[in-house]
Amino acid sequence: MHHKFIKSIIPAVIIGSIVTSVAFSGILNGSGIGQVEAAAASSSSLSFTKFLENNAPNRTLKYINGVTTVTNLSSTVVLVNKQRNLPSHYVPQDLVVPRIPFSFSGPSPKKQMKKIAANALEKLFAAAKKDGIDLKAVSGFRSYATQKAIFERNASIKGAAVANKTSARPGQSEHQTGLSMDISSASVGYALEQSFGNTKEGKWLKANAPKYGFIIRYGKGQEKLTGYSYEPWHVRYVGVYIAGEITKQNLTLEQYLQKNQ
């Protein structure tokens, strides 16, 4: 093996994902490069394992004023659901507006996402455009106060129990994390409805979102596990490797994190 090639792959091993780590550790061990480089390859795998341990559901929750509140607010795998609340004051510090088309014009907080998710979403939209798929973003970040207003409006129309099947209570919305975006297409009038999942755009999104680090957070047939109705439009950033694993194993984010705790 050429020395130049060795030098080029070792940094990728050290800083890469678990997939890269596993793949290259086999190459390094078999090539006789040495124990130091092989150990570096293994360290990536160990770091990922530690990452999952640190973000395990049973390690990232505490009671604050009687409310079960998540503690790993800045994590890409922060788990927010009906049993796990975000603090009412929480707003991500690195919100930006991704350079993608939106279904509405003018400035709005709901165009924002955390920077890491926004960058990934730009790549996802670029890939869609390349494949002739016309997607537009509809709703990203929502503050606690905005979610409170949305839920109360829906509850006044449908009743709280029915509203909570499709709308999160304040503090329980993934949108407050800045890691989620609702996406739609002209084929459904840019509406957020289940029929989007049957369109070519919706099918493309489901098939390709994991390649860019996103999952369909509330999948079909997962209603009892997530607590919410099927939402083919709602994508959540978790990172490329984890998105691939969740999709391949047909798991919810809850199941994946519990499985690895």
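Leaving aside its neighbours within four places in sequence, which residues is asparagine 55 in contact with?

## Asparagine 55

In this predicted model, where local features need pLDDT of at least 70, side-chain atom pairs count only at pLDDT 80 or more, and totals for chains, interfaces and linings use all residues, asparagine 55 is in contact (heavy atoms within 4.5 Å) with Thr60, Asn72, Ser75, Val77 and Leu257, once its neighbours within four places in sequence are left aside. Residues are numbered from 1 along each chain as its sequence is written, and side-chain values use heavy atoms, with hydrogens and water left out.

Asparagine 55 sits in the loop between helix H3 (35-54) and strand S1 (61-64); here helices (H or I, at least four residues) and strands (E, at least two) are DSSP runs, numbered from the N terminus. Asparagine 55 counts as buried because its relative accessibility is 7%, where buried means under 20% relative accessible area, exposed over 50%, and partly exposed in between, with a 1.4 Å probe and protein chains only. A polar contact of 2.8 Å joins its side chain to that of serine 75, and a polar atom of the asparagine 55 side chain also lies 2.8 Å from the backbone oxygen of phenylalanine 51. A polar contact is a pair of N or O atoms within 3.5 Å; within protein, one must be able to donate a hydrogen and the other to accept it, and residues adjacent in sequence count only if both atoms are side-chain atoms.

## Methionine 113

Methionine 113 belongs to strand S4 (residues 113-114), and it counts as buried because its relative accessibility is 0%. Although methionine 113 and proline 98 are 15 residues apart in sequence, their C-alpha atoms are 7.2 Å apart in space. Leaving aside neighbours within four places in sequence, the contacts of methionine 113 include Pro98, Leu121, Met181 and Phe214.

## The chain as a whole

The chain contains ten helices and eight strands, and 48% of its 261 residues count as buried. Among the contacts in the chain with a separation of 6 or more, 62% are between residues 24 or more positions apart.

## Residue classes around the largest pocket

The lining of the largest pocket divides into six nonpolar, eight polar and seven charged residues. In this division Ala, Val, Leu, Ile, Met, Phe, Trp, Tyr, Cys and Pro count as nonpolar, Asp, Glu, Lys and Arg as charged, and the others, Gly among them, as polar. A pocket is an open set of points on a 1 Å grid over the protein atoms alone, where a 1.4 Å probe fits, with protein on both sides within 12 Å along at least five of seven lines, and lining residues have an atom within 4 Å of a point.
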